Every structure is written in C-alpha cells, then in structure tokens.
Amino acid sequence: MFGAHSIYVGEKIVFALWQKKDHQRDNGIWIATKLEHHSELKKLFPSLRKIKVYAIKAWLLLPEEAEDFEESATKIIELIKRNSPLIGNIPVPRKSRKKK
C-alpha cells in the first residue's frame, strides 16, 4: 500500500510502516482506524496526528520523531492484541478492471 509495509490481523488491516526520504514528515506508523475513533485515540496517544502526504482522512500517524514513539507503539500493539474496535479496517475489495 503506497509503498509501505501493511500489517493485517486476519482480514483487517491494522497499521502500515512508512519510511520515505521524500516524505519524511509522515514517517512512522500509520494506524488504520475510523474517523469516529480519532478523538479517543488522540486522548490515549497525544502524539497521533493526520497523515499529510495523502488525503487519507480515516488513518492516523504515530510519527517516528514522537518523544513517546516506543511507548505508544507498544500500547497500540496491545490494543490490537485485544482486538480493540478503535484500530483496524477491513479493506473494501477493488473492482477488477476488465481487459480490453
């Protein structure tokens, strides 16, 4: 996905790892979530912010330069392990393109 390494749990995408030289401001862990969970996640993880490189509104970023990066990443993994509804999306399958 977008040249990142995506992590799934079953059918659900939970996060992606992004590190690019040309878009360093968005380097870190991209958290798959829904807009309705943003405020709760930001209370739990104040370093989370919107992704700037693409217009991905539902996902949030834990920037690699965050002072609490390791601690927050560990807590996010704990939420994923507990199957928290705050994190993860089941991707909608793309329609296959018909060959001409």
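**Notebook: charged and aromatic side chains**

I began with helix α2, where Lys75 and Glu71 both lie, 4 residues apart, or about one turn of the helix. The model I am reading is a predicted one. I looked up the closest N and O atoms of Lys75 and Glu71 and found them 3.0 Å apart, in a salt bridge. I then checked accessibility: Lys75 counts as partly exposed at 43%, and Glu71 counts as partly exposed at 48%.

**Entry: a further pair in α2.** I turned next to Glu78, which forms a salt bridge with Lys81. The closest N and O atoms of this pair are 3.4 Å apart. Glu78 and Lys81 are 3 residues apart in helix α2, so about one helical turn separates them. For Glu78 I noted a relative accessible area of 32%, which is partly exposed. For Lys81 I noted 61%, which is exposed.

**Entry: Asp26 and Arg49.** I asked myself how many salt bridges the model holds. The count comes to 3. One of them joins Asp26 to Arg49, with the closest N and O atoms 3.2 Å apart. I located Asp26 in the loop between β2 and β3 and Arg49 in strand β4; the pair thus links distant parts of the chain, 23 residues apart. Are Asp26 and Arg49 buried or exposed? I found both of them buried.

**Entry: Lys12.** I looked up Lys12 in strand β2, which spans residues 12-18. Lys12 is buried yet has no salt bridge. Which side chain of opposite charge is nearest to Lys12? I found Glu11, at 10 Å. A salt bridge requires the nitrogen and the carboxyl oxygen to be within 4 Å. The side chain of Lys12 does make a polar contact, at 2.9 Å, with the side chain of Asn83. Leaving aside residues up to four places away in sequence, I listed what Lys12 touches: Ile7, Asn83, Ser84, Ile87, Gly88, Asn89 and Ile90.

**Entry: Asn83.** I followed the polar contact of Lys12 to Asn83, which is found in the segment after α2 (69-81). Most residues other than glycine have a negative phi.

**Entry: aromatic pairs.** I counted 3 aromatic pairs. Trp18 and Tyr54 form one that is edge-to-face, with 6.0 Å from centre to centre and 85° between the planes. Trp18 lies in strand β2 and Tyr54 in the loop between β4 (49-50) and β5 (60-63), so the pair ties together parts that are 36 residues apart in sequence. Trp18 is buried at a relative accessible area of 3%, while Tyr54 is partly exposed at 33%.

I then looked up the pair of Trp30 and Tyr54, also edge-to-face, with a centre-to-centre distance of 6.3 Å and 70° between the planes. Trp30 sits in strand β3 (residues 28-31) and Tyr54 in the loop between β4 and β5, so that distant parts of the chain, 24 residues apart, are linked. Trp30 is buried, with a relative accessible area of 0%.

Which residues do the ring pairs link into a cluster? I recorded Trp18, Trp30 and Tyr54.

**Entry: Lys20.** I finally checked the face of Trp18, and found Lys20 lying over it at 5.4 Å from the ring centre.

Technical notes: Residues numbered from 1 in each chain as written. Predicted model: local features only at pLDDT ≥ 70, side-chain atom pairs only at ≥ 80, totals over all residues. Heavy atoms only, no water. Helix = DSSP H or I, 4+ residues; strand = E, 2+ residues; numbered from the N terminus. Buried < 20%, exposed > 50% of the residue type's maximum accessible area, 1.4 Å probe, protein only. Lys, Arg positive; Asp, Glu negative; His and termini not counted. Polar contact = N/O pair within 3.5 Å; in protein donor to acceptor, adjacent residues only side chain to side chain. Contact = heavy atoms within 4.5 Å. Phe/Tyr/Trp six-rings, centres within 6.5 Å; stacked < 30°, edge-to-face > 60°. Lys NZ or Arg CZ within 6 Å of the ring centre and 35° of its normal.
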